[in-house]
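Hi,

Here is the structure I promised to pass on. My notes on helix packing and aromatic rings follow below it.

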Amino acid sequence: MSLCLAGCTKRESSPPQDPPLPSPELTKDNSSINSAASSHYEAQSSPTGTLSAEQIPTPRSPRAPEGSSSPAGSVEAADAIKSTPIDIEAVHQAIIEALETGENDLAFRLARQAKRLAPEDSQTVYLTARVLAERNRFHEAILMLDNLAESTPEARLPILGQTAEWLVEAGRWDDAETRFLTLLKEIDDGPIVHRKLAQLYLRQGRRIEAANHLLKLCELGNVEEVELRAMLNLLHPLAMNAPQPEASETYEAPIARLGHARQEISNGKWNAARKTLESSPTTTSQEQGLLGRIYAHQKDYTALTRWYNSLNHEHTSDFTADAWHAIGMLQVHESKHRDAIESFCRAVETNPTDAISYRKLSEVLRQLGLDDDADRLARRSKRVQQTQQIGQSMNTGTLPSDRELSEIVTHLEKLRRPLEAFAWNAIRTVYAQSRGEIGDEDAIQQLNEINERRVEALRSKTIIASAEFRRCGLQPSKLAPP
């Protein structure tokens, strides 16, 4: 399935010009959108729902090339509609079937027919917009549904969700984010909206923001394995060692400069990531922070010093975890070890999956003679790294072993990330059932027990490790002198 990458707003070739569709004059008494569209963004679970390990989103069907001819059977079906008394519902159903089978030319012809028959019918408008979107005419499709939302208020929420998805495909990511966030305000417990936002943020390289929504999915008991793997490393995606299912490709296919830079780091191409971020003087705080981290990784202290001097030190609250790591590395280079401890602590408070910052923090403490603290930080670094190594091994295209799943659950429990641990434990149960190691009844019982523990954790609010725990109890300002 082809995906919209950084250059998705620039098509390799323009689609052929379609004949114009009749424009409807919408009225206040339009019928509501079809039930499938209306339910598309309904909340699907509650905090007491059962964890699921198999809820992989169904990818959209590949689009047929523009100008492709429809199979003879479908043409005959269209001709049959023309030769019999017209039933608008039959035309609607024919459009849906054509879209599902990728017969976009046929769907377009049927949509024109529906617009002539019932231009004011909301189902006609919705399906016509879908047809236009399938032909990459996103601007027209979005405008059509926005007008429909004004005349049909009950369709507003599903329209917000659908148009947000089209905005992503059109490369208008900020507009898509705005619509998803608006939708989220109205259905806070809607897992689909959290999932779509997480997917958008992951692809943009905004991984810590994505983690907030993925954690919410863990709270709701509605989280997927690919999402759990993404939570193991918030610096960059886990490298792909084998062809991945479409669900994984959708989550990790990068868009925007930051997304591409993190993907390049995932593949060990630090210099390529540097060039990506240096390609334009306009940067976000996240791009700026990652660029500093790249300079630190490459030990280019001239560039790192220049980067540090360009920061607005009056607004340190805007510094990202990557920025704090880069600052810590510069401070180590300048032998400002106590300042470096503070910087690395801030890095791991924001990104508790940063095994490198934990390791550097351990090294600085050891240089100061604080061996006990250094040992504790070294153990934390190793444990975080082990979760990532296990997650990485799952990207080989083979099913994870029970031992790997058991280890990752243990590590996450030790790291006080219980919601992730519960979800991985549920996945372990499902895999054991699929391998025939446990029966159906035992699997159901185990899943229910895991779910009860999850609900209890939510009630007791013991679901997120404190900042003090994330920095392993360190208080830089109170460290005894060496």
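To start with a term: a crossing counts as left-handed if the near helix is turned anticlockwise from the far one by less than a right angle, and as right-handed if clockwise. Helices here are DSSP runs (H or I, at least four residues), numbered from the N terminus.

Please keep in mind that this is a predicted model: local features need pLDDT of at least 70, side-chain atom pairs count only at pLDDT 80 or more, and totals for chains, interfaces and linings use all residues. Residues are numbered from 1 along each chain as its sequence is written, and side-chain values use heavy atoms, with hydrogens and water left out.

Now the helix pairs. α3 (residues 88–100) passes α4 (residues 104–117) with axes that come within 8 Å and cross at roughly 160°; axes are lines fitted to C-alpha atoms, for helices over the stretch in contact, and angles run from 0 to 180 degrees between N-to-C directions. The two are therefore roughly antiparallel (angles over 145 degrees), and their crossing is left-handed. Contact means heavy atoms within 4.5 Å. On the α3 side it involves residues including Ile88, Val91 and Ile95, which meet residues of α4, among them Leu106, Leu110 and Leu117. By class, this contact has 12 nonpolar, 2 polar and no charged residues. Here Ala, Val, Leu, Ile, Met, Phe, Trp, Tyr, Cys and Pro count as nonpolar, Asp, Glu, Lys and Arg as charged, and the others, Gly among them, as polar.

Next come α19 (residues 355–367) and α20 (residues 371–393), whose axes come within 8 Å and cross at roughly 165°. That makes α19 roughly antiparallel to α20, and the crossing is left-handed. Among the residues in contact are Tyr358 and Arg359 of α19 and Asp371 and Arg380 of α20. This contact divides into 8 nonpolar, 4 polar and 6 charged residues.

Arg135 lies over the face of Phe108, at 4.7 Å. For this, NZ of Lys or CZ of Arg must be within 6 Å of the ring centre and within 35 degrees of the ring normal.

Best wishes

Methods
Angles under 35 degrees count as roughly parallel, over 145 as roughly antiparallel, 65 to 115 as roughly perpendicular and the rest as oblique.
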